[in-house]
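Let's take a friendly walk through this structure together.

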Amino acid sequence: MRTGLIFLALLGACSDLPELPAPLAHPVHDLALADMHLITIDDADTMDAGTVSYAGLPIPHAVMTTSDGTTDPAPAIPELPIATSAAVGRAHACVLSRGDVYCWGDNAHGALGAHRACPGTTDANGDATCPLDAEIMPTLPKISAIAAGDDMTCAIAIDDGRVYCWGSALDGRLGGSFVSALGTPEPVALPDPVVTLRIQNDRACAIDTNQLAWCWGNGLGATPVRQRMTGVVDIALGAHHSCAISASDGFQCWGADRNGESGDFAVAKKCGTQTPFCEVAPTTIPLDATRVVVGERHTCALTRAGTVDCWGSNELGQLGRQDSFLVGEIAVARDGIIALQAAYAKTCAIDVDHIAWCWGDYRDAAGDRVYQ
């Protein structure tokens with residue numbers, strides 16, 4: 001056995017966690033997840049192509065006014081054209097269909113990119129919300145990829161690889177870009193075309209055609225900052241720890257390590273639960289990986305062999321293991337995987353048969369954990 005588990009604290013009985021990992025009820029083509037939301041695009045080979053399903057809390061949706069002046073809620077899942085990929089943020093979602101972007105959910109901060117009248121509602125905390133139904137983004141060029149975060153959305157143009165972002169400009173998360181429903185889109189100031197786009201909460205990173213990574217947002221500002229590594233394969237900038245896979249530096253993680261999420265388990269064992277972060281310098285991860293994702297206190301990677309390996313906190317099952325513990329070393333959660341996503345305390349993967357497997361903290365409106 002090449003890896004093992006380190007237990008710093010036992011938090012609860014195994015029965016407190018569901019069977020892990022758990023499959024979703026239907027095959028999927030793509031999925032997207034955020035802290036409270038998980039949406040899937042159903043597999044075109046087995047179901048109607050492009051249909052969208054929820055496996056977590058639904059995205060806020062519009063209220064429709066009928067001809068007699070009464071109001072009825074719009075369908076939780078809007079009618080959408082055939083979609084190929086999805087993105088989901090704090091309270092909004094978008095899908096990509098034939099190069100067009102359709103977004104729905106909360107537009108209070110412009111995350112939908114549509115300047116439409118808001119119904120003037122408030123959420124449970126008394127904050128203003130603007131739930132709107134899905135509409136096409138009218139001013140964008142044709143798009144090849146989308147990503148979403150906290151009140152922000154970004155997209156890559158098919159023709160020239162430029163990145164366009166819209167939503168809240170707080171903390172520089174738009175990279176200086178802004179898309180108006182009436183004006184001409186202004187792209188993020190990046191020197192070369194972009195091939196990969198990653199967003200985590202309020203930070204964005206783009207990998208360009210020269211395999212250089214440029215990041216912006218909270219803590220970095222609106223001007224994209226080039227990262228130190230070259231030959232970048234993938235990158236994930238989390239709230240407290242980050243990881244990157246590159247030709248120059250290999251697979252490294254850095255930042256908070258209280259739960260071993262940055263891979264220095266010796267530091268994690270000494271850190272203790274009372275220390276806020278126990279930050280570490282870049283730590284080499286002994287995996288031949290092509291994809292890395294980070295949550296609040298855990299990390300997972302997709303290896304070239306098709307396994308998903310996870311490490312860090314398993315308090316809510318986010319490592320895909322039945323035991324509940326605060327620190328776990330690198331171990332395999334699932335094999336035969338082709339795609340991987342993670343959020344706050346949850347992870348999802350799609351296998352070669354297009355079955356989606358999810359583990360971690362998914363809850364419905366009643367507060368119960370749900371997987372399908």
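Start with Asp249 and Arg228, whose side chains meet in a salt bridge with an N to O distance of 3.5 Å. This pair links distant parts of the chain: Asp249 sits in the loop between β22 (241-246) and β23 (250-255), while Arg228 belongs to the loop between β20 (221-226) and β21 (232-237), 21 residues apart. Asp249 is partly exposed, at a relative accessible area of 26%, and Arg228 is partly exposed too, at 46%. Keep in mind as you look that this is a predicted model.

What brings such side chains together? Side chains of opposite charge can pair when their charged atoms come close. The count of salt bridges here comes to ten, so there are others to visit, given that a pair qualifies when a side-chain nitrogen of Lys or Arg lies within 4 Å of a carboxyl oxygen of Asp or Glu.

Next, find Lys142 and Asp100, another pair joined by a salt bridge, at 2.9 Å from N to O. Lys142 lies in the loop between β13 (131-136) and β14, and Asp100 in strand β10 (residues 100-106), so this contact ties together parts that are 42 residues apart in sequence. Lys142 is partly exposed, with a relative accessible area of 42%; Asp100 is partly exposed as well, with 21%.

Now move to Arg90, which forms a salt bridge with Asp151, their closest N and O atoms being 2.8 Å apart. Here, distant parts of the chain are linked again: Arg90 is in the loop between β8 (85-88) and β9 (92-97), and Asp151 is in the loop between β14 and β15, 61 residues apart.

In what order do β14, β15 and β16 line up? They form an open sheet in the order β14-β15-β16, with antiparallel pairing. The edge strands, each pairing on one side only, are β14 (143-149) and β16 (163-167). From one strand to the next, the twist averages 20°.

Strands of a sheet pair through backbone hydrogen bonds, either parallel or antiparallel. For a closer look, take β15 (residues 152-157), which pairs with β16 in the antiparallel sense over five bridges. Ile156 has Val163 in β16 as its bridge partner.

Technical notes. Residues are numbered from 1 along each chain as its sequence is written. This is a predicted model: local features need pLDDT of at least 70, side-chain atom pairs count only at pLDDT 80 or more; totals for chains, interfaces and linings use all residues. Side-chain values use heavy atoms; hydrogens and water are left out. Two strands pair if DSSP finds at least two bridges between them. Helices (H or I, at least four residues) and strands (E, at least two) are DSSP runs, numbered from the N terminus. Axes are lines fitted to C-alpha atoms, for helices over the stretch in contact, and angles run from 0 to 180 degrees between N-to-C directions. Buried means under 20% relative accessible area, exposed over 50%, partly exposed in between (1.4 Å probe, protein chains only).
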